Amino acid sequence: MPRGRGGGGGGRKGGRRQFTNFEAESEKKEREEKEARWRAQRGEADSDEESGSGESGSESEESSEEEGEAKAPKPKGVSGLIEQRNPNRTGVKENRKVTDLPEGGVKVELSRREREEIKKQQYVKLQEECKTDQARADLERLAIIRARRAEAEAKRKEEMEAKEAANVAKKETLPKVGPKKKS
């Protein structure tokens, strides 16, 4: 049989395509909702609604959702008969906020990173207040450096003043020499 763009369906290339008609779908849903309301008024229950299968109106969906929360799904196969426990599977972990925890005797355990961050912040605070050995040593070194700089500045000033005094004395001791006269 030749392959190609034949007009037939059957899973071949170029088969007949079906498009969804959204207007028809919405009309169908409206009809089903009206029918479900009418049955609810009469007190009748549809077999589809009782079993929970199939599509029905929004009212029955809401009630089935409420029932679904209360009922656990039935186990399939042998899993209902044999209790299995996987040690590698972890339970659902709840993410709680600090504000949700009760105030009082409950001790909150912090993670390692949180503990390290708190210790680091406390150390920085002590550093700023100069209460650590390292901060005291830094202050001592800073005081020594400032003293050395002050001594160096004073020495430079003395040298500059000595040079200026030497220049002034030199000018006074040398005779004034004027322009040479031509003879």
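Start by selecting Ser26 and Glu23: the side chain of Ser26 reaches the backbone oxygen of Glu23 at 2.8 Å. Keep in mind as you look around that this is a predicted model. Ser26 sits in helix 1, which covers residues 22-42. Is Ser26 buried, exposed or partly exposed? With a relative accessible area of 34%, Ser26 is partly exposed, because that value lies between the 20% limit for buried and the 50% limit for exposed.

**Zoom out to the whole chain**

Now show everything as a cartoon. What kinds of elements do you see, and how many? There are five helices and zero strands, so reading from the N terminus the order is α-α-α-α-α. Next, colour the residues by burial. Of the 183 residues in the protein, 3% are buried.

**Colour by confidence**

Before going further, colour the model by pLDDT. The average for the protein is 76, and 67% of the residues score at least 70. Which helix has the highest confidence, and which the lowest? Helix 5 (residues 133-173) is highest, at a mean of 92, while helix 2 (residues 47-51) is lowest, at 47. Select residues 46-59 as well: their pLDDT is below 50, and beyond near neighbours in sequence this stretch has eleven contacts in the model.

**Follow the salt bridges**

Now for some charged pairs. Side chains of opposite charge can pair when their charged atoms come close. The count for this model is seven salt bridges, and the tour visits some of them.

Go back to helix 1 and select Glu35 and Arg39. These two form a salt bridge, with their closest N and O atoms 2.8 Å apart. Why do they line up along the helix? Glu35 and Arg39 are four residues apart in helix 1, so about one helical turn separates them. Glu35 counts as partly exposed, at 39% relative accessibility.

Move on to helix 4 (residues 112-128) and pick Arg112 and Glu116. Their side chains meet in a salt bridge, at 3.2 Å from N to O. Here too the residues are four apart in the helix, so the separation between Glu116 and Arg112 is about one helical turn. Both partners are partly exposed: Glu116 at 43% relative accessibility and Arg112 at 49%.

The next pair is in helix 5, so select Glu153 and Arg156. How far apart are the closest N and O atoms of this salt bridge? They are 2.7 Å apart. Glu153 is partly exposed at 38%, and Arg156 is partly exposed at 47%.

**Last stop: a loop residue**

Finally, select Cys130. Where is it found? Cys130 lies in the loop between helix 4 and helix 5. Check its backbone angles: phi is near 60°, a positive value in a residue other than glycine. Cys130 is partly exposed, with 30% relative accessibility.

Terms used
Residues are numbered from 1 along each chain as its sequence is written. This is a predicted model: local features need pLDDT of at least 70, side-chain atom pairs count only at pLDDT 80 or more; totals for chains, interfaces and linings use all residues. Side-chain values use heavy atoms; hydrogens and water are left out. pLDDT is the predictor's confidence in each residue, from 0 to 100. Helices (H or I, at least four residues) and strands (E, at least two) are DSSP runs, numbered from the N terminus. Contact means heavy atoms within 4.5 Å. Buried means under 20% relative accessible area, exposed over 50%, partly exposed in between (1.4 Å probe, protein chains only). A polar contact is a pair of N or O atoms within 3.5 Å; within protein, one must be able to donate a hydrogen and the other to accept it, and residues adjacent in sequence count only if both atoms are side-chain atoms. A salt bridge is a side-chain nitrogen of Lys or Arg within 4 Å of a carboxyl oxygen of Asp or Glu.
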